Amino acid sequence: MVLKAIKKVRAKFKRVYLTMFKHYFVFFIIMVMILTLGIGLIVRSIIETTSSKEYIGEVQKYFMASKIVRADYKNIDMGKIGALGGWVEILDSDKKLIYVLGNKKDEQKSYSEEDLIYLVDQSYDKLKNSGEYYCSVANFKADEKKYYCIVKVPAEAMDITVDIKSTDEKYIEKIALKMVGSFILVILLIFLSVFLYAFWTSRKIVKPLRKILEGIKKMTEGDYSTRISFKADNEFAEIKDAFNFMAEKIETSERERERVEKLKQQLLVDISHDIKTPATSIQGYSKALYDGVVPEEKKQKRYLKIIYDKSQRVTALIDNLHELTKLDNQAYVICREKQDFCEFTREILAGFYKEIEDKGFQLEVEIPEREIIYEFDKIEMSRAVSNIIANSLKYNPDKTKMKIELSKNKDGIEFIIADDGIGIDEELKEQIFEPFTRGDSSRRSTGGTGLGLSIAKKIIEKHGGRLTINQHPGYKTCFKIELFSDKG
Ligand code: ADP
């Protein structure tokens, strides 16, 4: 038992754990995706910035003599050099100008070693201020001879090289800017996913909780028809089912309470009415006799008979009411004794023998020869069975066919009392066991109290048995008493 309970708790825990795990796992994946995206963006920005530096480098290369020089110097590709107002000079091994590509703007025709060193060593800033040329020198070989290639570009046309010079700072600035941008984007995405996660979690957790609370509130306000519904696959689904089950139970018991309350009210109305009618008659007739307004002896006798009959009716009603309330009382215990049910039935029938004969009833009796031992309260059981048999004799015409059948089966005793008399309306059948239910015949004869069958049912139930109204082939009315052996 304990192990089972532990397993159950574990299983439940596992489900909560799984739900939470699922939620956090999804959240974790989203975070990883965002961070990967952020890192990707940063890396991309670095690559982009790097490649732009390389581009600047390319531009720089484009103006360098060593990069454009070729043995076939007449066909050197000047590219933008010419467009920027620059030119290319080719010197022989004695550093004398032998060939010019582009439009040469100075007069120098030959160079000394120092001149060349000076050209190579010149500072860009110096050049820019002096308004001279940016120079680049490279030597090369062609036809086994040494040549020099000088590129000259006006310093003011070389703005781009300013970028090259300060590129490191710009580069760091650019990366920093892109990193900040990516960081802000990552923060925004994290905020968005936290918001979405909170929304999702609230839908999964807060929504069911809100629905449950709404249901409880409605129940406390007395709306027992309320049921809660939401989609869930964890403990919330169990809470929902338990709540709805509880609501169903409360609603049913509330309906039952209302029904019993109504019945009680009706019972009080019926009792007061049933006592009031004969009591008023008794009062009227006795007053007439007392006042001497009935001189004839014959009439006096008739009045006295009425008074007697009415008082008997009141007594019968009070007797039955007493019996009914006694049986209703949970504390009342019937006095059960083991005895033969067959013999008991025969005794009851013997008591009705004269009446059966007088009314010419065609009685069919099936009682086993062998004893059926059952533990029951003889007085109470006799009252229950007599009420049913007496009804049959009371409400049906002479010569009605009546059947009494007693048998034992694996469940216990089955006792049938049936007749093919006037029968009972389907409508009346539904509430025949409720107190004060009477058919038209009973009202006409005024003999019935409407309590006989409800008393019989309560007695049978006190024995743990069942009294029902059934169908029986060849008979219009059939009462079946079932007494179960385990309770007998
Ligand atoms: P009462 O007989 O005091 O009226 P019961 O509870 O014994 O009250 O019976 C309820 C009603 O059921 C009766 O008024 C009668 O109309 C109907 N009833 C009972 N038994 C029979 C029967 N065997 N045949 C026809 N009607 C019956």
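The model is predicted: local features need pLDDT of at least 70, side-chain atom pairs count only at pLDDT 80 or more, and totals for chains, interfaces and linings use all residues. Residues are numbered from 1 along each chain as its sequence is written, and side-chain values use heavy atoms, with hydrogens and water left out.

Helices (H or I, at least four residues) and strands (E, at least two) are DSSP runs, numbered from the N terminus. Strand 1 (residues 87–91) runs antiparallel to strand 2 (residues 97–102), and five bridges join them. Two strands pair if DSSP finds at least two bridges between them. I90 has Y99 in strand 2 as its bridge partner. Five residues separate the two strands of this hairpin. In the turn, K95 has a positive phi of about 65 degrees.

**K104.** This lysine lies in the loop between strand 2 and helix 3 (113–121). Is K104 buried or exposed? K104 counts as buried, at 19% relative accessibility. Buried means under 20% relative accessible area, exposed over 50%, partly exposed in between (1.4 Å probe, protein chains only). Its side chain makes two polar contacts listed here. A polar contact is a pair of N or O atoms within 3.5 Å; within protein, one must be able to donate a hydrogen and the other to accept it, and residues adjacent in sequence count only if both atoms are side-chain atoms.

| Side-chain pair | Polar contact |
|---|---|
| K104 and E89 | 2.7 Å |
| K104 and D106 | 2.4 Å |

Neighbours within four places in sequence aside, K104 is in contact (heavy atoms within 4.5 Å) with W87, E89, L97 and Y111.

Helix 8 has 32 residues. From first C-alpha to last it reaches 46 Å, close to the 46 Å expected at 1.5 Å a residue. That expected span is 1.5 Å times one less than the number of residues. Buried residues of helix 8 include Y303, R313, N320 and E323. Its buried residues pack against helix 7 (235–290), helix 10 and helix 13.

Helix 13 (residues 452–462) buries G452, L453, S454, I455, A456, I459 and I460. These pack against helix 8 (297–328), helix 10 (378–395), strand 10 (466–472) and strand 11 (475–484). G464 follows helix 13, with a positive phi near 80 degrees.

**Cysteines.** A disulfide is a pair of cysteine sulfur atoms within 2.5 Å. The count is zero. C149 is buried, at 0% relative accessible area. C335 is exposed, at 52% relative accessibility.
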